[in-house]
Amino acid sequence: LEFRRVLFRSGEPPLANAEAYNGEMTIDKPVTIIGGHGKVGLRAAKILSEAGAEVYSVIRNPDHADDVRAAGANPVVADVETLDVDGLRELVRGSGSVVWTAGAGGGNPDRTFAVDRDAAIRSMDASAAEEVGRYVMVSYDGAGPDHGVPEDDSFFPYAEAKGAADAHLRDSDLGWTILGPGALTDDPGGETIGVGDDKREDRST
């Protein structure tokens with residue numbers, strides 16, 4: 001991905017299965033990344049900071065602050081799982097864009113719903129209240145009400161949580177982008193990404 005002054009333009013998403021509406025995302029104002037110590041969050045912080053953005057990365061563990069700084073971002077220690085909308089408003093205040101790439105990490109269904117659905121939705125409401133210009137949700141390829149994951153599958157809580165969060169974002173007043181990557185890898189990215197059900201293997205990100 002190449003980030004410059006404009007990151008995502010409406011109708012010109014940079015990734016397959018990305019949806020973008022309501023104008024563009026710029027880096028003229030600070031960018032807040034929620035979930036700043038994950039691999040996606042650290043990579044995004046590096047790309048954004050190298051492009052000239054002022055980046056604030058929200059992390060739960062203060063021991064991760066040095067990693068965030070090394071990626072070019074300013075660490076902000078907060079537990080989004082426990083913050084209400086007012087608390088989240090303080091986190092995103094002054095931001096031009098918010099990127100949600102936080103997650104419970106699986107294992108506990110209750111916590112998956114608490115983070116990947118409930119906290120994400122509160123952060124959207126907080127961003128709307130603070131008039132953030134764009135909200136970027138890192139979702140997954142196949143998310144939605146018709147995700148097709150059986151209830152007895154351990155992935156079911158995550159699929160349900162992501163589907164609900166994505167739906168709330170689409171119905172919000174925010175300018176939004178939903179990224180739906182396939183498998184995440186540490187391999188170098190290619191120059192193209194396959195589009196269509198017969199090209200799912202080309203959408204590793």
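Modeller: We shall discuss aromatic pairs and then salt bridges in this predicted model.

Biologist: How many aromatic pairs are there, and how is the geometry of one described?

Modeller: The count is three aromatic pairs. In one of them, tyrosine 140 and tyrosine 158 are 5.6 Å apart centre to centre, with 35° between the planes, and the pair is tilted. Planes under 30 degrees apart would count as stacked and over 60 as edge-to-face, so this angle falls in the tilted class.

Biologist: Which parts of the chain does that pair tie together?

Modeller: Tyrosine 140 lies in the loop between strand 8 and helix 5, and tyrosine 158 in helix 5, so parts 18 residues apart in sequence are tied together. Phenylalanine 155 also forms a tilted pair with tyrosine 158, at 5.2 Å and 50°. Tyr140, Phe155 and Tyr158 make up one aromatic cluster.

Biologist: Which residues are linked in a network of salt bridges?

Modeller: Arg89, Arg93 and Glu130 are. Glutamate 130 meets arginine 89 with the closest N and O atoms 2.6 Å apart, linking the loop between helix 4 and strand 8 to helix 3 across 41 residues. Arginine 93 and glutamate 130 form a salt bridge at 3.1 Å, N to O. Glutamate 130 counts as buried, at 17% relative accessibility, whereas arginine 89 is partly exposed at 26%.

Key. Residues are numbered from 1 along each chain as its sequence is written. This is a predicted model: local features need pLDDT of at least 70, side-chain atom pairs count only at pLDDT 80 or more; totals for chains, interfaces and linings use all residues. Side-chain values use heavy atoms; hydrogens and water are left out. Rings of Phe, Tyr and Trp (its six-membered ring) pair if their centres lie within 6.5 Å; planes under 30 degrees apart count as stacked, over 60 as edge-to-face and the rest as tilted. Helices (H or I, at least four residues) and strands (E, at least two) are DSSP runs, numbered from the N terminus. A salt bridge is a side-chain nitrogen of Lys or Arg within 4 Å of a carboxyl oxygen of Asp or Glu. Buried means under 20% relative accessible area, exposed over 50%, partly exposed in between (1.4 Å probe, protein chains only).
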